[in-house]
Amino acid sequence: MTFQELIAKLTGYWAGQGAVVVQPYDMEMGAGTMHPETFFRVLGSAPWKVVYVQPSRRPADGRYGENPNRLYKHHQLQLILKPSPQDIQDLYLESLAACGVDASQHDLRFEEDNWAAPTLGAWGVGWQVVLDGLEISQFTYFQQAGGIELAPISVEITYGLERLAMYLQDVEDVYDLAWARGVDYRTVRLADEQQSSRYAFEEADTAALGRGFDEAIAEGSRLIESGLVIPGYEQCLRASHLFNLLDSRGAVSVSDRPRRILAVRGLATAAAHRHLAEP
Amino acid sequence: MSGRELLIEIGCEEIPADWVEGLAKGFETAVAEGLDRERLTAETVGSHGTARRLVVHGAGIPESQPDQVREVLGPPWRVARDEGGRWSRAAAGFARRQGIEEADFESRLRAVETPRGQYLGIRQAVPGKPAIRILPGILEGALRAVPLPKAMNWDASIGERPFPFARPVRWIAALFGDEVIPFRIDVTGGTPVVAGNRSYGHRARTAVDGESPGASFPVDSLAGLREGLRRRFVILDGGERRGRLLEALGRCETEAGESAEVGAAADVHKDLVEYPGAVLGRFPDEFLSLPKEIRDTVLIHHQKFFPFPTRPSFIAVTNLPDDPEGHVRRGAERVVVARLRDARFFWDEDRKVPLAETRPRLAGVVFHQRLGSFREKAGRMEELAAWTADSTGADAAAASQAAGVAKCDLTGNLVGEFASLQGLAGGLLLREEGLPETVWQAVYDHYRPAGLEGDLPRSPEGASVALADRADTLAGLFLAGEEPSGSGDPFALRRAALSMIRVLRDAPAAYPGHRSGWPSPRALLDRALDGYRPDGETRAGVAGKLAAFVNDRLPHAFVAPSTPRGVVNAVLANRDWSHSVADTRQRIVDLAKAVESGDYTTLAAASRRVRRILTPEIREGKGAGLDPALLTEAAEQELCARLERVEAEVLRCFAETRYFPAFQALATLSPAIATFFDDVLVMAEDPAVRANRLALLARLDALFSEVGDLSQIEASAS
C-alpha cells in the first residue's frame, strides 16, 4: 500500500463513518491538533466528526534528510469525533484492519500516554497505540482545551502516517517509502527536508523570528479582542511556529521559555473563550 | 456455604498498567464496606484486575437483609397515662398510628430510657429488604469510591450524577446468584451501559470453535468467568499472569543463554497485558559498542523491553500466546534498531569534541534569567565542590575538575534526545576520553540521589559535586526570589534540599575513609551564597529563608518506622541546619533505641512537668544556685545525687559522641524522678527551700535540654 493509498484508505474509512473530510490548514503548525478543525470544534456542545491530513513541522527534528526516521515535516492523519462513540476502540482497530493489519498476528496495545499541550491550554487522557513495539497512533480523550473544561468529550486519534506506512511497506528508511507507484518519498520530499533543516539550523534570522513572535502575539490579541477569532488564532499558530524555530536554533533561554509559552497560551485561551462567547 | 455469590465485572478500555492492582483492591474494599453497611456481609470478598476489567466477587451473601427490631418513640412517659392510670389519648393515638390494637396496648407499650428522659416506646419489626434491591446502591457507591490517580471525564453519569472514571466503561457483568443486578451507567449522547451477564475476552484471539474473536460470551459465576476468559486468551488472576510472564521470559532467557534484567518491572508488565507472552529480539552486534546505559535507555524507557547484561538481545512482552510468523519479533527488532541507530548517531556526534572543550557552549544555556548561564554555575560549582572535598579529605582537584564539566552534556545531542541520561552521558564521555575514575564517576553520579531515595554517588568526590550542585541551585534560586510557595515548586527545590540533606546524612557512613569534615547544611549554603556575592542585606534575608526551608525539611530525613516523629522532634528541638546532619541522625537513632529499652515515659512526663513549674528565668539559671545542704528529704537528696552522677556520665558520653550510653544513663533517673514527685512538695512554704528545689529541677531540665525536648517523645513513641 503506497503512502497516498494509505491516506486515501484511512480518510475513506472515516468518511464512511460520517466524518467530514477537510484539507490541511494552510499554515505552519507543529501538530494536527492545532488545526482550527480540532481546536475550535472540541469546544462547546455541537457534535462534529472530521478527518484530515496535517503536515506537521517540528524544526528541531530536522536532520537534513539524513536520518531514516526523523523529519522536519511529517504527516499526521487526524480524526476528531464528538462525542466519542462508545465503540471507538473497535472502529479504530477496524481502520487498521482496512490498511491490512491483522490484529491476531500482531501485538497491539493501548499503553497509557496522557497528552498535554501547554501552549493550547489543552490536555487529555489516553494511550499511545503500539503495534509490535512501534507507536503508530496517539489516542486521546480531550478533557480541556483553551483552558476550558470540555463536555461532551471528544476523542482525537492521530495516525503517524510515515511510521505506519514504513511498517506496512516494511521499509527501514522513510525516504524509501513508496509515495505513489514508482515514486518514492525521497523524490517528493527530500529537497524540502534538506533545505528546511538548513534554514532552521543555520540561516533563520533569530532576531527577526523573535520580533515576528512578538508581533504575532500583539496582532493576535488585537484581532481576538475585536472578535476576529479565527484570524487571531492564526497569529497564535504563527507565534507557536516561530517559537519552535527559535527553539531549534537554541535561541530560547530557560527563563525566556515560560514567558513565550504563556504568551501563546494566552492567545489560544482568549480565542477559545471568545469563540464560545460568539454565536 | 449458604447465601449467594456476587460477581461484578466492570469492563473498561485499557486502564493504565500501574493502576490496575490499586483500583481492583480499592473496588473490592468499597464493595465489602458497602455490603457490611447494608447488613449483607459476605463470607468472603475478593477481586481481580486486568488492563480491561475490574472484577469483584463475594460469596455467602444473604438473600436479604436480616429483619430488624426498631424502637419507635412516642410521647414522654410521664404523659402516657392519665390520672386514672389508663393509657392517655396521646399514648393511644401514637399506638394506633403504629398499627397496634387496643387489646395489645398493655403488652406492647413500654417505658424506654433515653438521654432526654423516659419515653413511651414500641418495638416494631422492620423486615429486611432483598439484597438484589440494595446491591445497585452498593455498586454505585463502590464505583465512586475507587481511588483514581487521575479521574477522566467521559460524559457518563449514574443516577444523574456525573461519573468520572479511570477510562470509559464499556460493559458490566453484575450477577447476584443467577439474577442480573439492575444497574446502569448513562452516557450523554450515547447508549447506557447496562449491567448484564456477558463478558468479553481478547480482542483478536479465541479458542472457542465457531466464535469470532472479540465476541461476548455468557457468564454465570466467577469460575465460569475465569474459564470463559481463559478460552478467550485472558488470564484473570494477576498472580497467574505474573507466573506466565516469568515462564515466557524464562523461555527467552534460555534461548538467549543469559538472564535478562527484569527486576520489579514484571509486576507492572503483568497488568499491561491480559495474556502474557514474550518474544526474544536481537539487534546487530555493532550496537554493543554503544555504552550499555544508552542502550538500556532506548530499550527500557522508550520501548518497555527487557535488556540483557551482555547479549545483543532484548525481550518484548506481548499480549499474545505466540508469534508463529515472527511478525511481532521483526516489528520489535526494527523499532529497536532504528532507535539504537539514532542513539549511536548522537553518541558519535558528542564524542567528536572532548567534553571540557564544549564548556564555552554552556554560556548559551540559561540557568536562570537573573543568575546567568550554566557557564557561571559551573565556575561556582568547581569552587564549592573543591571546598567540600577538601574539608573531608577527598581529592579536591578531581572534584573541582568534575564539577567544572558536570553540566557540559546539557549541550550535547544525547541529553537533547534522552533527557534521563543527563550526568550519565557526561560521565560516559569522560570515561571514553580516558579520564580517571574519580573524575568521570563524579560527573556520572552527580544527580544522585534524586531526593531522599536512591543511591548516593559512589565516591566522596561525586558526593562533593552533587552537594555543590544542590547548594548552588538552592542558594541561587532563593537569591532570585524563586523559593517554593504552597504547592508550586517549579525548580524542584524541595527535592534539591532533601537530596542535599540525604548526602550529608549518609556520607560519613557511605565513605568510610572520609568520615569527618562534611559540612553542615548551613556551612555549605553559606559558602554557596558566597559564590553569588550578594550584598549584606540581601544575604541576611536569604539566609533566613534558607534556614527555615532546610529546617522544615530536616524531619523528613529522619522520620522512619524505627525513629518515630516524637523522637525526631525531641532531638530536633536543639539541632538544626547549622549542625552536622549525620550527627543529628546518630542522636535520633540512639535516642529511639534508648526509648525502646528504657523508661522514657517518666522522663517525658517529668520534662513536661518541670517546664510547667519553672519560670523562664529559673530555667535559664540551669540550677546554678543549687545548695545540696538545703535538701532535706530523702527523695530530693537521692535525685540530686543521682542527677550529679548521670549528668557527668551524659556529658562525657556526649563529648565522645557516644549517644546511646548517654541516653541509657539518662533513663536511669526515672525512678528517682518518680519518687521525688510523689514525696516532695516543690512549692514549699519556706522560700529558701522552695528556691533550692526549683534549682534542682532547673538543673534536671538543663540536662534534659542537652538531649533536646524530651516532652515530645511520649506522644508517638508509646
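The predictor's confidence in each residue is expressed as pLDDT, which runs from 0 to 100. For chain B of this predicted model, the mean pLDDT is 93, and 99% of the residues reach 70 or more. The complex receives an ipTM of 0.94 and a pTM of 0.81 from the predictor. Because the model is predicted, local features need pLDDT of at least 70 and side-chain atom pairs count only at pLDDT 80 or more, whereas totals for chains, interfaces and linings use all residues. Residues are numbered from 1 along each chain as its sequence is written, with chains lettered from A and ligands numbered from 1 in the order in which they are written.

**Figure 1. The contact between chain A and chain B.** The contact takes 32 residues from chain A and 38 residues from chain B; two residues are in contact if their C-beta atoms, placed from the backbone, lie within 7 Å. On the side of chain A that touches chain B, two or more residues each come from helix H3 (88–98) and strands S4 (108–112), S6 (122–131) and S7 (134–145) of chain A. Helices (H or I, at least four residues) and strands (E, at least two) are DSSP runs, numbered from the N terminus. S4(A) supplies the largest share of this side, 4 residues. By class, the side of chain A that touches chain B has 15 nonpolar, 11 polar and 6 charged residues. In this classification Ala, Val, Leu, Ile, Met, Phe, Trp, Tyr, Cys and Pro count as nonpolar, Asp, Glu, Lys and Arg as charged, and the others, Gly among them, as polar.

**Figure 2. The two domains of chain A.** Chain A is assigned domain 1 (3–200) and domain 2 (205–277), the bounds coming from an automatic or database domain assignment. The C-alpha centres of these two domains of chain A lie 24 Å apart. In the contact, 22 residues of domain 1 of chain A meet 21 residues of domain 2 of chain A. The domain 1 side of this contact divides into 13 nonpolar, 6 polar and 3 charged residues.

**Figure 3. Helices H6 and H7 of chain A.** The axes of H6(A) (residues 206–225) and H7(A) (residues 229–248) come within 8 Å and cross at roughly 160°. Axes are lines fitted to C-alpha atoms, for helices over the stretch in contact, and angles run from 0 to 180 degrees between N-to-C directions. H6(A) and H7(A) are therefore roughly antiparallel to each other (under 35 degrees counts as roughly parallel, over 145 as roughly antiparallel, 65 to 115 as roughly perpendicular and the rest as oblique). The crossing of H6(A) and H7(A) is left-handed; this term applies if the near helix is turned anticlockwise from the far one by less than a right angle, and right-handed applies if clockwise. Residues of H6(A) in the contact include A:Phe213, A:Ile217 and A:Leu223, and those of H7(A) include A:Cys236, A:Leu242 and A:Phe243. The contact of H6(A) with H7(A) comprises 14 nonpolar, 6 polar and 2 charged residues.

**Figure 4. Domains 3 and 4 of chain B.** The assignment for chain B includes domain 3 (238–351) and domain 4 (356–558). Their centres, taken over C-alpha atoms, are separated by 35 Å. Each of the two domains of chain B gives 11 residues to the contact. On the domain 3 side, helices H8 (292–302) and H9 (327–351) of chain B are the elements that give two or more residues, and H9(B) gives the most, with 6 residues. That side holds 4 nonpolar, 2 polar and 5 charged residues.

**Figure 5. Helices H19 and H20 of chain B.** H19(B) (residues 565–572) and H20(B) (residues 581–597) have axes that come within 9 Å and cross at roughly 130°. That angle makes H19(B) oblique to H20(B). The crossing of H19(B) and H20(B) is right-handed. Among the residues in contact are B:Val567 and B:Val571 of H19(B), and B:Ile588 and B:Leu591 of H20(B). The contact of H19(B) with H20(B) has 8 nonpolar, 1 polar and 1 charged residues.

**Figure 6. Backbone features in loops.** The peptide bond from A:Ala151 to A:Pro152 is cis, with omega near -5°; A:Pro152 lies in the loop between strands S8 (148–149) and S9 (155–160) of chain A. In chain B, a cis peptide bond joins B:Arg448 and B:Pro449, with omega about -15°. B:Glu160, although not a glycine, has a positive phi of about 75°.
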